[in-house]
Amino acid sequence: MLKTSGETISKQLNAQSRNARLKILQQSSELLQIFAKGKDEIVKFFTKLGDDIGKWFVKNSKTYRKVNNVVNETDLLKFIKVNRVKGEIDVAFVLRISNKRKDLSESLLLSLKEVKEGKTIIQLIRYFKITDPPLPASLGNYQTRIWYTWKKMQIEKQIKRIKKLEEKAKKAFELRNEYRTAARQYMKDRKWANYLEEVEKNREWTIYLEYMKKKFPENYYNEIINNASKGRDDVDRLFNLK
């Protein structure tokens, strides 16, 4: 029985070896044909070969991602599991908001471990003992979002006594910008703070006003006031803030 098994394995190995040799001969023949066609075909062949290798490397190489501070969905799912980050996490959104940067994605995911479910914003402010104003570079990503949401909630009350609708809308807009800038100053995670400052700059009043006039031609001032107190739903969902 052992002899029969040995002969079978030997035949399989020989067959595989023959197939491999035939494939090499076939590829060599194709390459020779390309060389025979002249310089243009050779350049075309190696250009395509280089492009194909580059695409494969970008798509599949862990080394490439590590060197270039890039992650994909598989990397983040593994990171979530290893670090025991709980909750329903929209990994695609994390990749999008961090522009697939490894450092930003991972620090954001780790900050989700702080999330306290079932508490209101006021309760969270008290739970984390967040002062107003906080100390510079003193708040984690989650705590920063709590403070920023809390300050946006106060905008409506702060503009209540302003009579003219235009002035009220402009003040609401200015307060939103002020709190956004301040939030970044209070962030402990300076990489995220600098990134947000770079990709999500505050808008200018005149440009924003023209944009809102086109979008809401009949009640743009009221829409500006309403938007000033709102946050990004996708970010709030990530941090489970209501």
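These notebook entries record what I looked up in this predicted model.

**Entry 1: the largest pocket**

I began with the largest pocket, for which I noted a volume of about 1000 Å³. Its lining consists of 36 residues, and those closest to the centre are Y148, R176, R180, E200 and R232. I then asked which helix supplies the largest share of the lining. I found that helix 10 does, with 7 residues. At least two lining residues each come from several helices, among them helix 8 (141-153), helix 10 (165-186) and helix 14 (233-238). By residue class, I recorded 18 nonpolar, 12 charged and 6 polar residues in the lining.

**Entry 2: salt bridges**

In helix 6 (residues 102-111), I examined K102 and E106, which stand 4 residues apart, about one turn of the helix. Their side chains form a salt bridge at 3.2 Å, N to O. I looked up the accessibility of both partners: K102 is partly exposed at 31%, while E106 is buried at 18%, since buried means under 20% relative accessible area.

I then turned to K191 and D103, whose side chains meet in a salt bridge at 3.8 Å, N to O. This pair links distant parts of the chain, as K191 lies in helix 11 and D103 in helix 6, 88 residues apart. I also noted that R101, D103 and K191 are linked in a network of salt bridges.

Lastly, I checked R184 and E197, which form a salt bridge at 3.3 Å, N to O. R184 belongs to helix 10 and E197 to helix 11, so the pair ties together parts 13 residues apart in sequence. R184 is buried, at 6% relative accessibility, whereas E197 is partly exposed, at 37%.

Conventions:
Residues are numbered from 1 along each chain as its sequence is written. This is a predicted model: local features need pLDDT of at least 70, side-chain atom pairs count only at pLDDT 80 or more; totals for chains, interfaces and linings use all residues. Side-chain values use heavy atoms; hydrogens and water are left out. On a 1 Å grid over the protein atoms alone, a cavity is a set of points where a 1.4 Å probe fits but cannot get out, and a pocket is an open set with protein on both sides within 12 Å along at least five of seven lines; lining residues have an atom within 4 Å of a point. Grid points are joined across faces, edges and corners, and a volume is the space filled by probe spheres set on the points. Ala, Val, Leu, Ile, Met, Phe, Trp, Tyr, Cys and Pro count as nonpolar, Asp, Glu, Lys and Arg as charged, and the others, Gly among them, as polar. A salt bridge is a side-chain nitrogen of Lys or Arg within 4 Å of a carboxyl oxygen of Asp or Glu. Buried means under 20% relative accessible area, exposed over 50%, partly exposed in between (1.4 Å probe, protein chains only).
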